Amino acid sequence: VPGGRSKGTILLDAADGRQFVVRRDFSAALTGTSVADEFPTIQAVHKAGIRAPAPLWLETAPDAIGGRFIVFERLPGRAMGTLFASDASPDFCKDFAGELARLHRLDPAALGLEDALQFGREAHPVQALLASFKARYRAGMPPVPLIDRAFAWLHAQLPRIGNARRIVHGDAGLHNTLGDGDRLTGLLDWEFAHVGDPAEDLAYCRFLVGQILP
């Protein structure tokens, strides 16, 4: 299933009129991540003014409702796309770009997230990211010459890559945004957030945004 199925989502209407969203781990961690890992990052970036949903409570006991969970305030808006298609407007994409720019200006060390974020203590986060993907590839499938050549090419580019140490969302596509008309109302699903180079987020969303904006 292409995206959106790594965690469970429950919508709640409280008796006093408030609306909440529960994001829950499944019993089988499809991506190897837990909401418990996301919580400090979402808490910090929300406090810094990023349009992430306000995380209210974290439950780390997996037996409470069949998995660890976070309760958020429910944001207005609708999902602005899938991995492969979107009806978002050019102005929405510009608002999305502005939000990514604000995120990429944040210093993980200043927010106390170096230990909470993957690669937060690595001397060269991009190199560490590449090594992690290569290790997963080698552990998970037989060698493929094209993929081996791609990793060799990437390693050859490392001396040309700077050592940016910023917060990277890691899944910054339109499928993880909420919008109301031309305005972004929420940046969702922070399970792949890490320290690295913001260019990663821009490359990730370029395919779909490039169909809407030049």
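Biologist: Which are the buried residues of H3?

Modeller: In this predicted model, the buried residues of H3 are Pro125, Val126, Ala128, Leu129, Leu130 and Tyr137. These buried residues pack against helix H4 (145–157), strand E9 (194–196) and helix H5 (199–209).

Biologist: What span should the 16 residues of helix H3 have, and how far apart are its end C-alpha atoms?

Modeller: At 1.5 Å a residue, helix H3 (residues 125–140) should span 22 Å, and its end C-alpha atoms are 22 Å apart, which agrees.

Biologist: Let us turn to the sheet. How do strands of a sheet pair?

Modeller: In general, the strands of a sheet pair through backbone hydrogen bonds, and the pairing is either parallel or antiparallel. Here four strands form an open sheet in the order E1-E2-E4-E3, with antiparallel pairing. Strand E1 (8–13) and strand E3 (55–59) stand at the edges with a single partner strand each, so one side of each is left without a neighbour in the sheet. On average, and with direction ignored, neighbouring strands of this sheet are turned by 20° against each other.

Biologist: Over how many bridges do E1 and strand E2 pair, and which residue stands opposite threonine 9?

Modeller: E1 pairs with strand E2 (residues 19–24) over six bridges in the antiparallel sense, and threonine 9 stands opposite arginine 23 in E2. The hairpin of E1 and E2 has five residues between the strands, and within this hairpin glycine 17 takes a positive phi near 95°.

Biologist: Which strands does helix H1 touch where it packs on the sheet?

Modeller: Helix H1 (residues 35–47) touches E2, E3 and strand E4 (69–73), and its direction makes about 160° with that of E3.

Biologist: Which residues of the largest nonpolar core touch the most other members?

Modeller: That core has 33 residues, of which Val45, Phe96, Leu103, Leu174 and Trp190 touch the most other members. At least two residues of this core are supplied by each of H1, E4, H2, strand E8 (183–187) and H5. Apart from it lies another core, of five residues, among them Val126, Leu130, Phe151 and Leu158.

Biologist: What does tryptophan 190 touch, not counting residues up to four places away in sequence?

Modeller: Tryptophan 190 touches Glu38, Thr41, Ile42, Val45, Ile50, Ala52, Leu103 and His169.

Biologist: Is histidine 104 buried or exposed?

Modeller: A residue counts as buried under 20% relative accessible area, and histidine 104, with a relative accessible area of 11%, is therefore buried. Histidine 104 is found in helix H2 (residues 90–104), and a polar contact of 2.8 Å joins its side chain to that of aspartate 201. Leaving aside neighbours within four places in sequence, histidine 104 is in contact with Arg166, Ile167, Pro198 and Asp201.

Biologist: And is alanine 110 buried or exposed?

Modeller: Residues over 50% are classed as exposed, so alanine 110, with a relative accessible area of 64%, is exposed. Alanine 110 is found in the loop between H2 and H3, and its C-alpha atom is separated by 17 Å from that of histidine 169, the two residues being 59 residues apart along the chain.

Biologist: Where does histidine 175 lie, and which side chain does a polar contact join to it?

Modeller: Histidine 175 lies in the loop between strand E6 (166–168) and strand E7 (177–180), where a polar contact of 3.2 Å joins its side chain to that of aspartate 171. Beyond its neighbours within four places in sequence, histidine 175 is in contact with Gly81, Thr82, Leu83 and Tyr204.

Conventions: Residues numbered from 1 in each chain as written. Predicted model: local features only at pLDDT ≥ 70, side-chain atom pairs only at ≥ 80, totals over all residues. Heavy atoms only, no water. Expected span 1.5 Å × (residues − 1). Buried < 20%, exposed > 50% of the residue type's maximum accessible area, 1.4 Å probe, protein only. Contact = heavy atoms within 4.5 Å. Polar contact = N/O pair within 3.5 Å; in protein donor to acceptor, adjacent residues only side chain to side chain. Pairing = 2+ DSSP bridges. Axes fitted to C-alpha atoms, helices over the stretch in contact; angles between N-to-C directions. Core = buried A, V, L, I, M, F, W, Y, C linked by side-chain atoms within 4.5 Å.
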